[in-house]
Amino acid sequence: MTESPHAWSFRTRCIHVGNEVDSATGAVVPPLHLASTFRQPGAGEWGPYDYSRSGNPTRAGFERTLASIESGCGALAFSSGMAAIHAVTLLLSSGDHILAGSDLYGGAYRLFHQICERAGLGVSLVDMTDTDAVAAAIRPETKLIWAETIGNPQLSIPNLPELVRVAADAQVLLGVDNTFGTPVLIRPLELGVDIVMHSATKYLGGHSDLVGGTLAVADPDLFQRLYFIQNATGAVLDPFSCFLAARGLKTLELRVQSQSQTALRLALWLDQHPRVSRVLYPGLPSHPGHPLATQLMGGHYGAMVTFQIEGNLSQTAKVCESTRLFHLAVSLGAVESLIEQPATMSHASYAKTDRERFGITDGLIRLSVGLESFDDLRDDLQAALVAAGL
Ligand SMILES: Cc1ncc(COP(=O)(O)O)c(C=O)c1O
């Protein structure tokens with residue numbers, strides 16, 4: 001093996017960084033440390049760990065793997081993706097302004113509008129694929145630009161290198177939610193983004209068995225400020241979930257590549273389907289973000305597919321309720337495929353006017369494509385479209 005972990009490939013780092021052999025036993029899988037507190041060498045003397053909110057060996061292992069694969073100086077594991085985004089907003093003070101993408105997860109929309117605004121922050125939404133509009137929407141009090149590397153649910157692709165330039169010119173922090181993109185497809189810190197966030201509940205964990213969130217940064221001072229916020233507010237990820245997330249990371253590249261390949265095949269099939277009016281998938285040349293995704297994401301386009309049927313809310317619901325393999329459920333990014341109706345599920349917390357403004361129509365269906373075979377998933381969707389009378 002190469003001497004320096006930095007020279008190892010992405011896949012090797014997912015397996016070996018943060019998962020060093022246990023020196024006490026030789027175990028090739030690091031033990032799960034459930035201790036809440038650690039014996040100190042003396043009064044007022046501190047060892048590497050003292051109290052598990054401030055630091056825990058199992059959490060530290062997961063954070064080291066993540067920092068390595070996101071090309072950061074450090075990473076922090078939170079109790080959920082929302083807790084991670086909330087921690088970022090706590091860098092701001094009353095009177096500051098957040099400029100967020102309009103193609104945004106509903107929970108982030110709710111946090112910004114119903115929690116941050118109450119705390120005195122200004123919030124406005126802008127189309128992150130229109131860099132000029134982003135630059136024009138920055139105010140003197142803007143302190144944070146928040147975008148998703150692949151937007152939700154339109155799967156829009158912002159031009160990250162341009163956003164980095166705009167944010168740097170205005171001296172505004174740029175944070176991105178890389179949940180849909182994953183570090184397999186895009187590593188925003190390498191492009192100059194300040195903060196990269198994940199709902200670890202999704203692809204990082206990958207098995208629908210944990211709720212967690214992460215932040216990674218490249219600047220040690222910013223890391224210390226976020227670490228302080230995390231320790232002071234306490235929304236840390238528990239050791240067992242860290243253990244599961246670290247295990248999930250070992251197969252991240254394989255899962256994301258394979259799921260993306262199946263998603264592309266399904267998107268191509270849906271695109272030809274007579275009952276489907278529109279398919280939104282960055283891998284299709286018809287998607288506005290296709291050239292940028294091809295440039296930024298190394299030949300894969302992710303495993304989320306959104307499509308539109310010519311139907312009302314109840315017909316759309318009927319499609320979602322009629323699949324057998326695609327489970328009707330919120331969340332995404334796991335080995336089992338999921339189907340949902342954004343208007344009533346993931347984006348239900350949007351104001352109706354904003355749903356209409358940002359194209360979250362009644363006929364929209366969002367798929368999270370899992371690891372099942374293409375043939376089985378295609379047949380499942382076809383049967384559901386027929387069952388809905390389409
Ligand atoms: C893109 C995106 N960001 C953030 C979140 C929030 O993460 P969590 O549910 O882990 O709090 C979600 C959850 O669905 C999501 O889809």
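Analyst: Strand β6 (residues 195-199) is mostly covered, with five of its five residues buried. The model is a predicted one.

User: Which residues of β6 point one way, and which the other way?

Analyst: Every residue named here is buried, on both sides of β6. Val196 and His198 point one way. Pointing the other way are Ile195, Met197 and Ser199.

User: Which strand is joined to β6 by five bridges?

Analyst: Strand β5 (residues 173-177) runs parallel to β6, but three bridges join that pair. The antiparallel partner has the five bridges. That partner is strand β7 (residues 213-217).

User: Which residue of β6 is the bridge partner of Gly175, and which residue in β7 stands opposite Met197?

Analyst: Gly175 has its bridge partner in β6, and that partner is Ile195. Met197 faces a residue of β7. The residue opposite Met197 is Leu215.

User: Which are the edge strands of the five-stranded open sheet?

Analyst: The order is β8-β9-β12-β11-β10, with mixed pairing. An edge strand pairs on one side only. The edge strands are β8 (276-280) and β10 (327-328).

User: In what sense do β10 and β11 pair, and which residue is the bridge partner of His327?

Analyst: Two bridges link β10 with strand β11 (residues 338-340), in the parallel sense. His327 has its bridge partner in β11. That partner is Leu338.

User: How many residues of domain 1 are in contact with domain 2?

Analyst: The chain is divided into domain 1 (5-249) and domain 2 (254-387). Their centres, taken over C-alpha atoms, are 26 Å apart. On the domain 2 side, 34 residues take part in the contact. On the domain 1 side, the number is 28.

User: Which helix gives the most to the side of domain 1 that touches domain 2?

Analyst: Both α4 (106-116) and α7 (182-185) supply at least two residues of that side. The top contributor gives four residues. By class, the side has 12 nonpolar, 13 polar and three charged residues. The helix that gives the most is α4.

User: Which residues come nearest to the ligand?

Analyst: There are 15 residues around the ligand. The shell divides into four nonpolar, nine polar and two charged residues.

**Confidence**

User: Which element has the lowest mean pLDDT?

Analyst: The chain has a mean pLDDT of 96, and 99% of its residues reach 70 or more. Strand β1 (residues 74-78) has the highest mean among the elements, 99. The lowest mean is 85, in helix α14 (residues 352-357).

How values were computed. Residues are numbered from 1 along each chain as its sequence is written. This is a predicted model: local features need pLDDT of at least 70, side-chain atom pairs count only at pLDDT 80 or more; totals for chains, interfaces and linings use all residues. A residue is near a molecule or strand if its C-beta atom, placed from the backbone, lies within 6 Å of it. Ala, Val, Leu, Ile, Met, Phe, Trp, Tyr, Cys and Pro count as nonpolar, Asp, Glu, Lys and Arg as charged, and the others, Gly among them, as polar. Domain bounds come from an automatic or database domain assignment. Two residues are in contact if their C-beta atoms, placed from the backbone, lie within 7 Å. pLDDT is the predictor's confidence in each residue, from 0 to 100. A residue is buried if 20 or more other C-beta atoms lie within 10 Å of its own, exposed if 12 or fewer, and partly exposed in between; C-beta atoms are placed from the backbone. Two strands pair if DSSP finds at least two bridges between them.
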